[in-house]
Amino acid sequence: ILRDAIAVVDTIDFHAPENVHTLSHLYESLLVRMGREGGMSGEFYTPRPIIQFMVEMVDPKLGETVYDPACGSAGFLVEAYAHMLTHQVELAAQFRQLRDATFFGQEKKPLPYLLGVMNTVLHEIPVPHIIRENTLSDYVRKYTEKERFNVILTNPPFGGTEKFEAVRANYPYPSSATSILFMQHIMYRLRRDGRVGMVIDEGVLFKSSERAYVDTKKELLEEFNLYAIVSLPAGVFANVV
């Protein structure tokens, strides 16, 4: 069976745009099925309509850098690429800049990392700048303006916990909750004139029993321009096809 499968794959011309386009769509459908059937939809797949809406609202521009600190299957990076390619690229030099120097991501777990790299390659980003590491292990106050990003698009994991004290100490408002740590990471990795579109759980908005939540939201409101909060209906992440 493996030999037969290899023989079929060997007949595919990966330089033919129509073949790559078909493969990318098949791969997307596979990600949806894995998320739904494996019960891990929040781990590496965000429904495409939500991603498209967020990308359109944030509207990344050619020449800006786009970053996802919990990129999973890289849906945000791929959709941002399609958005910029369709509306902004006219010259070969612009295409090379878009493809090679625009998109950056990090992912902790090996399977989502593999899925994300494959997804970007299938969507014509041949050298994706995706690093496999625990994003929360970064000391956030070390970043210079040059190391920050113009646009951040992400659906970071929420409901998780960070058990290592050394990791929690990287943040001005330490917490074991990954959601509020990712919020702080994003705030410190955004350039002064940058823009963010991110998915958060309601706990980030309304939880006040832990000091880290209160202090993070206070800084967000006082030091950043919080433009809008869009409430999504229950079940929107169910990945029903």
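**Contacts, burial and packing**

Tutor: The side chains of Gln106 and Thr135 make a polar contact at 2.9 Å. Keep in mind that this is a predicted model.

Student: In which strand is Gln106 found?

Tutor: Gln106 touches Tyr67, Asp68 and Ile131, among others beyond four places in sequence. As for its own element, Gln106 belongs to the strand covering residues 103–107, which is β2.

Student: Does Gln106 count as buried or exposed?

Tutor: Burial requires a relative accessible area under 20%. Gln106 has 5% relative accessibility, so this residue counts as buried.

Student: Which helix holds Arg189?

Tutor: Arg189 is one of the residues touched by Gln106. Other contacts of Arg189 include Tyr143, Glu147, Arg148 and Phe149. With 7% relative accessibility, Arg189 counts as buried. The helix that holds Arg189 spans residues 178–189 and is α9.

Student: How many Å separate the C-alpha atoms of Arg189 and Asp138?

Tutor: Asp138 is among the residues that Gln106 touches. Along the chain, Arg189 and Asp138 are 51 residues apart, while their C-alpha atoms are separated by 11 Å.

Student: How are α5 and α6 oriented to each other, roughly parallel or roughly antiparallel?

Tutor: Two packed helices are described by the angle between their axes and the distance between the axes. For α5 (residues 75–88) and α6 (residues 92–101), the axes are 11 Å apart and the angle is about 170°. Angles over 145 degrees count as roughly antiparallel. The two helices α5 and α6 are therefore roughly antiparallel.

Student: How many charged residues are in the contact of α5 with α6?

Tutor: From α5, the residues Tyr81, Met84, Leu85 and Gln88 take part, and they meet Gln94, Phe95 and Leu98 of α6. The contact divides into 5 nonpolar and 2 polar residues, and the number of charged ones is none.

Student: Which residues of the largest nonpolar core touch the most other members?

Tutor: In soluble globular proteins, nonpolar side chains tend to be buried together. The largest nonpolar core here has 21 residues. At least two residues of this core come from each of α4 (48–58), α5 and β4 (149–154). Those touching the most other members are Met54, Val66, Leu77, Leu98, Phe103 and Leu153.

Student: How many residues does the other core have?

Tutor: This other core lies apart from the largest one, and Ala70, Leu136, Tyr143 and Tyr188 are among its members. Its number of residues is 9.

Student: In which loop does Ile125 lie?

Tutor: Phe103 is in contact with Ile125, as well as with Val66, Ala80 and His129, among others outside its four-place neighbourhood. Beyond four places in sequence, Ile125 touches Tyr81, Arg99, Phe103 and Thr120. Ile125 lies in the loop between α7 (110–122) and β3 (129–132).

Student: What relative accessibility makes Ile125 count as buried?

Tutor: The cut-off for buried is under 20%. Ile125 counts as buried because its relative accessibility is 2%.

Student: What is the phi of Asp59?

Tutor: Asp59 has its place in the loop between α4 and β1 (66–68). With 23% relative accessibility, Asp59 counts as partly exposed. Asp59 is not a glycine, yet its phi is positive, at about 55°.

Student: Which residue supplies the backbone oxygen that the side chain of Asn119 reaches?

Tutor: Asn119 lies in α7 and, at 0% relative accessibility, counts as buried. Its contacts beyond four places in sequence include Tyr27, Glu28, Leu31 and Val78. At 2.9 Å, the side chain of Asn119 reaches the backbone oxygen of Ser73.

Student: How many Å separate the C-alpha atoms of Glu28 and Ser73?

Tutor: Glu28 and Ser73 are both in contact with Asn119. Glu28 lies in helix α2 (residues 17–38) and is buried, with a relative accessible area of 12%. Glu28 and Ser73 are 45 residues apart along the chain, and their C-alpha atoms are separated by 9.3 Å.

Definitions and conventions. Residues numbered from 1 in each chain as written. Predicted model: local features only at pLDDT ≥ 70, side-chain atom pairs only at ≥ 80, totals over all residues. Heavy atoms only, no water. Axes fitted to C-alpha atoms, helices over the stretch in contact; angles between N-to-C directions. Helix = DSSP H or I, 4+ residues; strand = E, 2+ residues; numbered from the N terminus. Parallel < 35°, antiparallel > 145°, perpendicular 65-115°, else oblique. Contact = heavy atoms within 4.5 Å. Nonpolar A, V, L, I, M, F, W, Y, C, P; charged D, E, K, R; others polar. Buried < 20%, exposed > 50% of the residue type's maximum accessible area, 1.4 Å probe, protein only. Polar contact = N/O pair within 3.5 Å; in protein donor to acceptor, adjacent residues only side chain to side chain. Core = buried A, V, L, I, M, F, W, Y, C linked by side-chain atoms within 4.5 Å.
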